[in-house]
Amino acid sequence: MEPICAPATPLLSSSVTIIRVSGDNLGNLFEPLIKLPDPRNATLCSLKWKGYHEKALVIFFPSPNSYTGEDVVEFHLHGNPLLVRRFLEHLGDLGVRLAVPGEFTKRALFNGKQGLLDVEALKDLMTAATDAQIRQAQARVGRLPDWIINAKEEISQLVAQTEASVDYGEDEGIALHINKLKTSAKKLKDTFHVEQRRSTVAGWLRDGIRVAIIGRPNAGKSTLFNVLAGEERAIVTEIPGTTRDVLEAKCELAGLPLHLFDTAGIRATDDPIESLGVARIDPLLQMADLVLHLVPATDHQPDPETQAFIEPYPEKTILVRNQCDLAQCSGICISAKTGDLAQLEIALKQRFCGEFSPDACLGALATERQRDLLSDMVCQMELIAELPENVPPEIPASLLQGAWGLLTRLTGEDRADLALDAMFSGFCLGK
Ligand SMILES: Nc1nc2c(ncn2[C@@H]2O[C@H](COP(=O)(O)OP(=O)(O)OP(=O)(O)O)[C@@H](O)[C@H]2O)c(=O)[nH]1
Ligand SMILES: [Mg+2]
């Protein structure tokens, strides 16, 4: 393909900037500039063009053993943004155009160097904001999960068997063993179903959980926000009505990435600033995945004003008693002040991980695209498992073809309906 280039490191003043080039026959293309060094050997080379003289480390990865599968050359230049720009201009003169974001990875996908699941995981790795998200993305890069390899094997055999009975039928003694087929479909459905439950957890690990902390003034919301965020972000005082704006922070609790929102204490007030703060709460509750209603342990019951706010969201609300260092109480009890959050950790794990530990869901399918295809695969297997015994073989044959199609779309072997450009545009330049 036509040669492309891009900085693989940010264009800032730095010790080294790496420029990557990918294309066919780069040896010929670079002849006027440099004789490419031996493959995969970092070699100090002298680059001369238009009066510039740069000593750079150059690494040559000949096709097909490179990131993109084409010839790839990396130039490690001194990290002066102006010098780098001049070098990129010179590459342009040699016929190398600037890559668009994700173009290197797109070529890697089309040349079979990366699977689609890898590409999606790489994209998540680039944007991961917490340790759990990094680990989750890393666990998804590499070979296909065993359950996908096995399912492909099994479904391709079932397709072959049912197609044979459609084509040749009973006359040739190739009858459809519908009960055997139904048993296989049921087993596959069970496997997909377990993966579906793991992938729900993996989805939370990937996307993070949006948690809105709400409650009456002085419930300790900002104290909890700070202890979770690991820094004194929000102002904490004993004066009710301290917080007005919504504050945000990203953190981890119980291995789960949280996107936290601290809010103004809910009460009727004449203070116009405080009222504006309270008015921001409902839109937040609408988009939150979890509403954490904080009630001091010393309160006999939750305050009615906050209750009115959370009434439309019973499924995503949990009641958490704070200040348990001051009074005994039941339910999920914490002390934001002393940092005793053990019961909140347990509650979050139960709610978002169910039967699994977060670590058990590393490597599971995680993006919305992947999870949608997985749930279609569960449905498809369910349909086959419930077929009547006297069904003509054409019906399971077409359902199995459908399942095969879903699997190959999942792995990217069938790219017909992929919005690839939209996906790659989320990558950084040079990736
Ligand atoms: N003993 C004890 N005090 C706490 C605890 N959590 C918060 N406090 C104290 O309660 C007071 C109010 O805490 P904040 O975190 O500012 O409460 P808030 O809910 O953010 O209050 P507003 O912003 O006014 O709505 C502060 O003096 C905190 O030190 C706790 O778990 N135990
Ligand atoms: Mg506060």
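**Exercise 1.** In this predicted model, determine which of the 24 residues around ligand 1 come nearest, and how the shell divides by class.

*Solution.* Begin with the nearest members of the shell, which are Gly220, Ser222, Thr243, Gly265 and Lys337. Next, look for the element that contributes the largest share, and this turns out to be helix 8, spanning residues 221-229, with 3 residues. Finally, sort the shell around ligand 1 by class, which gives 7 nonpolar, 13 polar and 4 charged residues.

**Exercise 2.** Describe how helix 7 (residues 178-207) and helix 13 (residues 368-385) pack, and decide whether helix 7 is roughly parallel or antiparallel to helix 13.

*Solution.* The axes of the two helices lie 8 Å apart and form an angle of about 155°. Because angles over 145 degrees count as roughly antiparallel, helix 7 is roughly antiparallel to helix 13. The handedness of the crossing of helix 7 and helix 13 is left-handed. The contact draws on residues of helix 7 including Leu181, Ala185, Leu188 and Phe192, and on residues of helix 13 including Leu374, Met377, Val378 and Met381. Counted by class, the contact of helix 7 with helix 13 has 10 nonpolar, 6 polar and 6 charged residues.

**Exercise 3.** Work out how the protein chain is divided into domains, and how many residues of domain 2 are in contact with domain 3.

*Solution.* The division gives domain 1 (4-110), domain 2 (146-204 + 362-411) and domain 3 (208-359). Taken over C-alpha atoms, the centres of domain 2 and domain 3 are separated by 44 Å. Across their contact, 5 residues of domain 2 meet 8 residues of domain 3, and the side belonging to domain 2 comprises 3 nonpolar, no polar and 2 charged residues.

Note on methods. Residues numbered from 1 in each chain as written. Chains lettered and ligands numbered in written order. Predicted model: local features only at pLDDT ≥ 70, side-chain atom pairs only at ≥ 80, totals over all residues. Near = placed C-beta within 6 Å. Helix = DSSP H or I, 4+ residues; strand = E, 2+ residues; numbered from the N terminus. Nonpolar A, V, L, I, M, F, W, Y, C, P; charged D, E, K, R; others polar. Axes fitted to C-alpha atoms, helices over the stretch in contact; angles between N-to-C directions. Parallel < 35°, antiparallel > 145°, perpendicular 65-115°, else oblique. Left-handed = near helix turned anticlockwise from the far one by under 90°. Contact = placed C-beta atoms within 7 Å. Domains from an automatic or database assignment.
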